[in-house]
Amino acid sequence: MEYEQLNHMINEIKITHKLHQKMMSQYCGELTPEQGKLLYLIQYEKMSQKEIAKLLRITEATLSVRIKRLLDSGWIERETDKDDKRVNSIVLSHKGEELMKTLEQQFHKYKTIMCKGISLEDYETVLRVIHQIQENIREEIE
């Protein structure tokens, strides 16, 4: 593959990411896409800040800012473990649960729009190529 072809592919991925972010912003309403991801993550399972940060691939400091905003908005709550008072979990509040019901409908519409005309085989091929590029780069830099 020529450099210009690779550069073109990377630029197309960047454009796709920007479009994805813009569309997510429209569907998340008053939430940022990052806040929406956090809420989606804790929708069905209590998690500690450390677990959430690891899954979102962000620092605990960055997560603390997001959590504070969500706490201030009333969408999440901290829940102390009954057996170990040192352990706190982040959970959806009642207000957050209601918001997530609405967002679930929006996300379903979003996924339908985004995946229109893309077969599972196409998806797997793109993912395989991206993973191969990532592996090639990791081998070189590590």
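View 1. Leu120 is exposed because its relative accessibility is 58% (buried means under 20% relative accessible area, exposed over 50%, partly exposed in between; 1.4 Å probe, protein chains only). The model is predicted: local features need pLDDT of at least 70 and side-chain atom pairs pLDDT 80 or more, while totals for chains, interfaces and linings use all residues. Residues are numbered from 1 along each chain as its sequence is written, and side-chain values use heavy atoms, with hydrogens and water left out. Leu120 belongs to helix α6 (helices are DSSP runs of H or I, at least four residues, numbered from the N terminus). Together with Ile118, Tyr123 and Leu127, Leu120 makes a nonpolar surface patch of about 400 Å² (patch residues have over 30% relative accessible area and no salt bridge, with nonpolar side chains joined within 5 Å and like charges within 9 Å; a salt bridge is a side-chain nitrogen of Lys or Arg within 4 Å of a carboxyl oxygen of Asp or Glu).

View 2. Glu135, Glu139, Glu140 and Glu142 form a negative surface patch. Glu142 is located in the segment after α6 (120-141) and is exposed, at 74% relative accessibility.

**View 3. The aromatic pair of Tyr40 and Phe107.** One aromatic pair is counted (ring centres within 6.5 Å; planes under 30 degrees apart are stacked, over 60 edge-to-face, the rest tilted). Tyr40 and Phe107 pair edge-to-face, at 6.3 Å centre to centre and 90° between the planes. Since Tyr40 is in helix α2 (residues 33-42) and Phe107 in helix α5 (residues 94-115), the pair ties together parts 67 residues apart in sequence. Tyr40 is partly exposed, at 45% relative accessible area, whereas Phe107 is buried, at 12% relative accessibility.

Terms used
Areas by Shrake-Rupley, 256 points an atom, 1.4 Å probe, with all protein chains shown as cover. Lys, Arg positive; Asp, Glu negative; His and termini not counted. Charge placed at Lys NZ, Arg CZ, Asp CG, Glu CD. Helix = DSSP H or I, 4+ residues; strand = E, 2+ residues; numbered from the N terminus. Phe/Tyr/Trp six-rings, centres within 6.5 Å; stacked < 30°, edge-to-face > 60°.
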